[in-house]
Amino acid sequence: MKNFFLVGIGGFIGSIARYYVSKLNLHFDLFSIPLGTLTVNVLGSFIIGILTGISAKSELLSAEWRLFLMVGLCGGFTTFSSFTNENLMLMHNGQLLTVLVYTSLSVILGFIAVYLGYTLTNLL
């Protein structure tokens with residue numbers, strides 16, 4: 001039960017942070033790129049990379065802190081950070097083909113899914 005609360009509290013904080021960072025879209029326009037989302041994805045990936053590196057090299061972060069920071073905070077901030085971290089782990093395991101397939105499927109199927117979901121709402 002403790003782990004659920006750690007992830008939940010981290011996710012709560014991460015979601016609020018994402019909301020505020022995503023407001024960058026309202027203040028800046030660079031070729032119509034959603035800068036808030038881009039910032040969240042890159043920053044979240046950077047943070048989870050640091051946390052993964054620290055966890056791999058030392059016992060500084062307990063399992064509970066990893067749950068709170070990596071699963072909760074980073075997961076609430078952006079699931080993209082989990083996606084990029086999973087790809088990093090696959091690369092470290094020498095699974096480069098899996099990285100390419102996973103990345104391609106995630107982008108292509110994700111785009112198809114959002115398109116189908118959007119199209120479905122127009123049919124109703």
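Q: Which helix supplies the largest share of the lining of the largest pocket?
A: In this predicted model, where local features need pLDDT of at least 70, side-chain atom pairs count only at pLDDT 80 or more and totals for chains, interfaces and linings use all residues, the lining of the largest pocket consists of F80, F83, S106, V107, G110 and F111. Both α5 (79-92) and α6 (96-123) supply at least two residues of that lining, helices being DSSP runs of H or I with at least four residues, and strands runs of E with at least two, numbered from the N terminus. The largest share, 4 residues, comes from α6.

Q: What is the volume of the largest pocket?
A: On a 1 Å grid over the protein atoms alone, a pocket is an open set of points where a 1.4 Å probe fits, with protein on both sides within 12 Å along at least five of seven lines, and lining residues have an atom within 4 Å of a point. Grid points are joined across faces, edges and corners, and the volume is the space filled by probe spheres set on the points. For the largest pocket this volume is about 180 Å³.

Q: How many helices and strands does the chain have?
A: Residues are numbered from 1 along each chain as its sequence is written, and from the N terminus on the elements run α-α-α-α-α-α. The C-alpha atoms fill a box of roughly 50 × 35 × 35 Å along the principal axes. The secondary structure comes to 6 helices and 0 strands.

Q: What percentage of the contacts with a separation of 6 or more is between residues 24 or more positions apart?
A: A contact here means heavy atoms within 4.5 Å. Among the contacts of the chain with a separation of 6 or more, the share from residues 24 or more positions apart is 53%.

Q: Is C74 buried or exposed?
A: C74 is found in helix α4 (residues 63-77), and, leaving aside neighbours within four places in sequence, C74 is in contact with G44, I47, I48, L51, L69, T79 and S81. Residues count as buried under 20% relative accessible area, as exposed over 50% and as partly exposed in between, with a 1.4 Å probe and protein chains only. Because its relative accessible area is 3%, C74 is buried.

Q: How far apart in space are L69 and V7, C-alpha to C-alpha?
A: L69 lies in helix α4 and is buried, with a relative accessible area of 16%. Apart from neighbours within four places in sequence, L69 is in contact with L51, L61 and C74. L69 and V7 are 62 residues apart in sequence, and their distance in space is 8.0 Å.

Q: What percentage of the 124 residues in the chain is buried?
A: C74 is buried, and L69 is buried. Of the 124 residues in the chain, the buried share is 22%.

Key:
Heavy atoms only, no water.
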